[in-house]
Amino acid sequence: MISWFLLAEAPVSEGGLFDLDATLPLMAVQVVILTFILNKLFFQPVGRVVEEREGFVAISHKDAKEKLAQVQGLEQDLKLQLQQARQEAQAVIAEAEAEVDTLHKAALGEAKASAAKLREKDRAEIDGQRAEAREVLAVEARQLADLIVQRLATV
Amino acid sequence: MLLQTLLPLAEALPAPQSMAEETHGLEVGQHFYWHLGPLNLHGQIFLSSWILIGALLVMVIAGTRQMKRKPLGLQNLLEFLWDYIRNLSREQIGEAAYRDWMPFIGTLFLFIFFCNWGGALVPWRLVRLPSGELGAPTADINTTVAMALLVSLAYFYAGLSRKGLRYFEYYVEPTPIMLPFKIVEDFTKPLSLSFRLFGNILADELTVSVLVLLVPLFVPLPMMLLGLFTSAIQALIFATLAAYYIGEAVHEEHA
């Protein structure tokens, strides 16, 4: 410290590392002026651009979020509609199946009924023919019996 | 180009008185004096600082001329610097007051950084001054003390303008026992700020020039790279500490 002050107070021509003189205040003034210049030329304009961009990004982000929410709402809607449609389709299919079933049953019943009727008719026919055949047989048997009796009588 | 145009200007100014003998290219503590009436100025400091400030302004003006939302080229660099300085001052000073002080902190950072790197990267030796030599303006004690005193003024002003006389509560917080230490701190802050920067840059320049004197080729390169690193770190340290002191002054204890 002591040598520093000695050097500072030494005659001008000496110079030295710790030679404090009017350079100091002028340099301070220069730095202050530089601060104002840089504030005008650098810090303010760049700050404006950066902050404007930050605002833009924030707004865009918000917009995008809103749009995303909208899209999600729409998707939900569509999903609901799709589900409804599926349910409706299932109902239609079930209805159709039931109809087919009833139709099938009706047709089956009809077919069975007609088959039974046919069988009944055929059976009746068969019975009739059998009775007829028996009668014929009975007549023929009587005739044969008569014939046998005659032959025996003649002998 | 700039150097050649500035040199006649330097020579046109009053001739230096000190003509200490050159010690084979290694000069310490020799200055290129200008005399303004009774005032003595270190001309080499002003010359090199004007050149470096010119370079800084050219970069800033070129980069901010056509700024777009989608940054291109130099605008990217400037925005990176701006963001870096904003983060630095916001972290140290706090959300409430950092906007007022960001230009000051940023100017300190950019000016010191340009001076340090300019001192190391610009081939100043090509210009011969009658006495002394051009170099990093931050290797001169006047420059660093000037900036350190500006920081002191800045944090006093910041504290007083924000809190009025309540600023002095800071000296007795958390206990009045701290009073002498805090008063001593007001002196040690500028002292340490200025001497740290001055010592680092001067030591770097001296080491490199001694190495260059001994082995002119390749050997000084690692030391030069280390010098670039410390130069950048010193600029950051100075700016960070300045911001920290201001932040300490505007800090509200009972916020």
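User: At what angle do the axes of helix H2 (residues 43-64) of chain B and helix H3 (residues 74-93) of chain B cross?

Analyst: The model is predicted. In it, the axes of H2(B) and H3(B) come within 8 Å. Their crossing is left-handed. The angle at which these axes cross is roughly 110°.

User: How are H2(B) and H3(B) oriented to each other: roughly parallel, roughly antiparallel, oblique or roughly perpendicular?

Analyst: The axes of H2(B) and H3(B) cross at roughly 110°. Angles of 65 to 115 degrees count as roughly perpendicular. The two helices H2(B) and H3(B) are therefore roughly perpendicular.

User: Which residues make the contact of H2(B) with H3(B), and how many of them are nonpolar, polar and charged?

Analyst: From H2(B), the contact draws on Met59(B), Val60(B), Ala62(B), Gly63(B) and Thr64(B). H3(B) contributes Leu74(B), Gln75(B), Leu77(B) and Leu78(B). By class, this contact has six nonpolar, three polar and no charged residues.

User: Which element supplies the largest share of the side of chain B that touches chain A?

Analyst: The contact takes 40 residues from chain B and 32 residues from chain A. On the chain B side, strand E2 (39-42), H2, H3, helix H4 (98-121) and helix H5 (141-163) each supply at least two residues. By class, that side has 24 nonpolar, 13 polar and three charged residues. The largest share, eight residues, comes from H5(B).

User: Which element gives the most residues to the largest nonpolar core?

Analyst: This core has 67 residues, of which Trp101(B), Ile105(B), Leu108(B) and Ile246(B) touch the most other members. Helix H2 (23-154) of chain A gives two or more residues to the core, as do several elements of chain B, including strand E1 (33-36), helix H6 (179-214) and helix H7 (220-250). The most, 14 residues, is given by H4(B).

User: Leaving aside neighbours within four places in sequence, which residues is Ile246(B) in contact with?

Analyst: Ile246(B) is one of the residues that touch the most other members of the largest nonpolar core. With neighbours within four places in sequence left aside, its contacts are Ile93(B), Trp101(B), Ala154(B), Tyr155(B) and Ala158(B).

User: What pattern does chain B follow along its sequence?

Analyst: Chain B has 255 residues, 38% of which count as buried. Its secondary structure comes to seven helices and two strands. Read along the sequence, the pattern is α-β-β-α-α-α-α-α-α.

Key. Residues are numbered from 1 along each chain as its sequence is written. Chains are lettered from A and ligands numbered from 1 in the order in which they are written. This is a predicted model: local features need pLDDT of at least 70, side-chain atom pairs count only at pLDDT 80 or more; totals for chains, interfaces and linings use all residues. Axes are lines fitted to C-alpha atoms, for helices over the stretch in contact, and angles run from 0 to 180 degrees between N-to-C directions. Helices (H or I, at least four residues) and strands (E, at least two) are DSSP runs, numbered from the N terminus. Angles under 35 degrees count as roughly parallel, over 145 as roughly antiparallel, 65 to 115 as roughly perpendicular and the rest as oblique. A crossing is left-handed if the near helix is turned anticlockwise from the far one by less than a right angle, and right-handed if clockwise. Two residues are in contact if their C-beta atoms, placed from the backbone, lie within 7 Å. Ala, Val, Leu, Ile, Met, Phe, Trp, Tyr, Cys and Pro count as nonpolar, Asp, Glu, Lys and Arg as charged, and the others, Gly among them, as polar. A nonpolar core is a set of buried Ala, Val, Leu, Ile, Met, Phe, Trp, Tyr and Cys residues joined through C-beta atoms within 7 Å. A residue is buried if 20 or more other C-beta atoms lie within 10 Å of its own, exposed if 12 or fewer, and partly exposed in between; C-beta atoms are placed from the backbone.
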